[in-house]
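Reader: I'm new to this one. Can we go through it together, piece by piece?

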Amino acid sequence: MIGDSSLKDTLILRDIQRDIDIIVASLLLTGQITLTRVYFGPGYFGVTVGGPLTGAKRLETKFNGPGKGLSIDVIDILLALFLIKDLINVVGLFIASDATFSISVSGPLFGRAKVVPIFKHLKNNETALKNIVKDGYFIHNELLKELKKTK
């Protein structure tokens, strides 16, 4: 059985994840972020959403008719509904080299396994990452200082 402390921590993480999903859904519904791209993985796909709020340009259609942007708005509304109904979730961030970022969304509805945070696994991953970085990566401080000076 999972210890009470670990179970509480896991429940807190799941609540935070759910809050993030709801926040992203509300940003989609209010037009503050929108679909930016679709990506594919083995057996699944996902989408990223972003906009001026994330430092990216808002996606716009080339169509200039009366329904301009309607298709993107419909997709945004569907994504928001899927997030609210917990059919998809925020699964990560995509950070671009130009300092923009977008929010990656996927889940069982799109063929990807549900991302469920488990505190014990996160602590194990944190420990493994610290060991990898400590043992496998060394940056000489003088080199780092010199690289920072060059522009």
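Reader: Which strand does serine 102 lie in?
Author: Serine 102 is part of strand β4. Keep in mind that this is a predicted model.

Reader: Is serine 102 buried or exposed?
Author: Buried. Its relative accessibility is 4%, and buried means under 20%.

Reader: What does the side chain of serine 102 make a polar contact with?
Author: With the side chain of arginine 37, at 3.3 Å.

Reader: And which residues does serine 102 touch, leaving out those up to four places away in sequence?
Author: Thr36, Arg37, Thr48, Val49, Gly92, Leu93 and Phe94.

Reader: Now the sheet. In what order do the strands come?
Author: The order is β1-β2-β4-β3. These 4 strands make an open sheet with antiparallel pairing.

Reader: Which strands stand at the edges?
Author: β1 (34-41) and β3 (89-95). Each has a single partner strand, so one side of each lacks a neighbour in the sheet. From one strand to the next, the twist averages 30 degrees.

Reader: How many bridges join β1 to β2?
Author: 7, and the two strands run antiparallel. β2 covers residues 44-50. There, tyrosine 44 is the bridge partner of glycine 41.

Reader: What about helices? Which strands does helix α1 touch?
Author: Helix α1 (residues 4-29) packs on the sheet and touches β1, β2, β3 and β4 (101-106). Its direction makes about 70 degrees with that of β3.

Reader: And where does helix α2 pack?
Author: On the sheet, touching β1, β2, β3 and β4. Helix α2 spans residues 70-84. Its direction makes about 70 degrees with that of β1.

Methods:
Residues are numbered from 1 along each chain as its sequence is written. This is a predicted model: local features need pLDDT of at least 70, side-chain atom pairs count only at pLDDT 80 or more; totals for chains, interfaces and linings use all residues. Side-chain values use heavy atoms; hydrogens and water are left out. Two strands pair if DSSP finds at least two bridges between them. Axes are lines fitted to C-alpha atoms, for helices over the stretch in contact, and angles run from 0 to 180 degrees between N-to-C directions. Contact means heavy atoms within 4.5 Å. Buried means under 20% relative accessible area, exposed over 50%, partly exposed in between (1.4 Å probe, protein chains only). A polar contact is a pair of N or O atoms within 3.5 Å; within protein, one must be able to donate a hydrogen and the other to accept it, and residues adjacent in sequence count only if both atoms are side-chain atoms.
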